[in-house]
Amino acid sequence: MDTRELIEKALEAQGKAYVPYSNFRVGAALITEDDEIFTGCNIEISSYSPTLCAERTAIFKAVSEGHKKIKAIAIVGDANFTYPCGVCRQVIREFGKDAKIIVANSKDEYREYKLDELLPHSFGPENLEEANTRGGKNV
Ligand code: THU
């Protein structure tokens, strides 16, 4: 699956967005290390805070089906280049430290990033593992 196909899947998912409050539609599509595709849309809830972004919908679908390593994720939204929010960047960090992040307007107009560019000096699972192994910095 190449970049353009992943964007196509994200655009399809965007069509499923449930956005009665913001009317801002986002779609995401990811490919896992074992070449499975998962898609997601944003889902809004009337009390607002339970709202889920498209990226996290796709990632949680993948992880809950046993696919914990993301190779690439494509994101499309109603803004001119819709970038993943901070929370979603952290979730991508958990399951796709080296993932390619494709921020697209269309199949022909997109930008590619590594997670490190969008979330530099990030905190992740390795930091906890390392601290636990050592017994903590101040111990
Ligand atoms: N949204 C996403 O789905 N992904 C992002 O990374 C940015 C924001 C959604 C959440 C909400 O439903 C709407 O866009 C407006 O914030």
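In this predicted model, an oxygen atom of the ligand sits 2.7 Å from an N or O atom in the side chain of E55. The protein covers 78% of the 380 Å² of accessible area that the ligand has on its own.

Now widen the view to the whole shell. The residues around the ligand are S22, F24, V26, N42, E44, T51, C53, A54, E55, Y83, P84 and C85. Sorted by class, this shell holds 7 nonpolar, 3 polar and 2 charged residues.

Most residues other than glycine have a negative phi. N23 is not a glycine, yet its phi is positive, at about 60 degrees. N23 lies in the loop between α1 (3-14) and β1 (26-32). Its relative accessibility is 57%, so N23 counts as exposed. Y48 also has a positive phi without being a glycine, and its value is near 70 degrees. Look for Y48 in the loop between β2 (37-41) and α2. Y48 counts as exposed because its relative accessibility of 57% is over the 50% cut-off.

The side chain of H67 makes a polar contact of 2.9 Å with the side chain of D34. Leaving aside residues up to four places away in sequence, H67 touches T32, D34, E36, F38 and A62.

Turn to α3. Its buried residues include C88, R89, V91, I92, R93 and F95. What do the buried residues of α3 pack against? Their partners are α2 (54-64), β3 (70-77), β4, α4 (115-118) and α5 (125-134).

Follow the chain past the end of α3. D98 lies in the loop between α3 (86-95) and β4 (100-104). D98 is exposed, because its relative accessible area of 54% is over 50%. T51, one of the residues around the ligand, gives a sense of distance. D98 and T51 are 47 residues apart along the chain, and their C-alpha atoms are separated by 27 Å.

Methods
Residues are numbered from 1 along each chain as its sequence is written. This is a predicted model: local features need pLDDT of at least 70, side-chain atom pairs count only at pLDDT 80 or more; totals for chains, interfaces and linings use all residues. Side-chain values use heavy atoms; hydrogens and water are left out. A residue is near a molecule or strand if one of its heavy atoms lies within 4 Å of it. A polar contact is a pair of N or O atoms within 3.5 Å; within protein, one must be able to donate a hydrogen and the other to accept it, and residues adjacent in sequence count only if both atoms are side-chain atoms. Accessible areas come from the Shrake-Rupley method with a 1.4 Å probe; for residues, only the protein chains shown count as cover. Ala, Val, Leu, Ile, Met, Phe, Trp, Tyr, Cys and Pro count as nonpolar, Asp, Glu, Lys and Arg as charged, and the others, Gly among them, as polar. Helices (H or I, at least four residues) and strands (E, at least two) are DSSP runs, numbered from the N terminus. Buried means under 20% relative accessible area, exposed over 50%, partly exposed in between (1.4 Å probe, protein chains only). Contact means heavy atoms within 4.5 Å.
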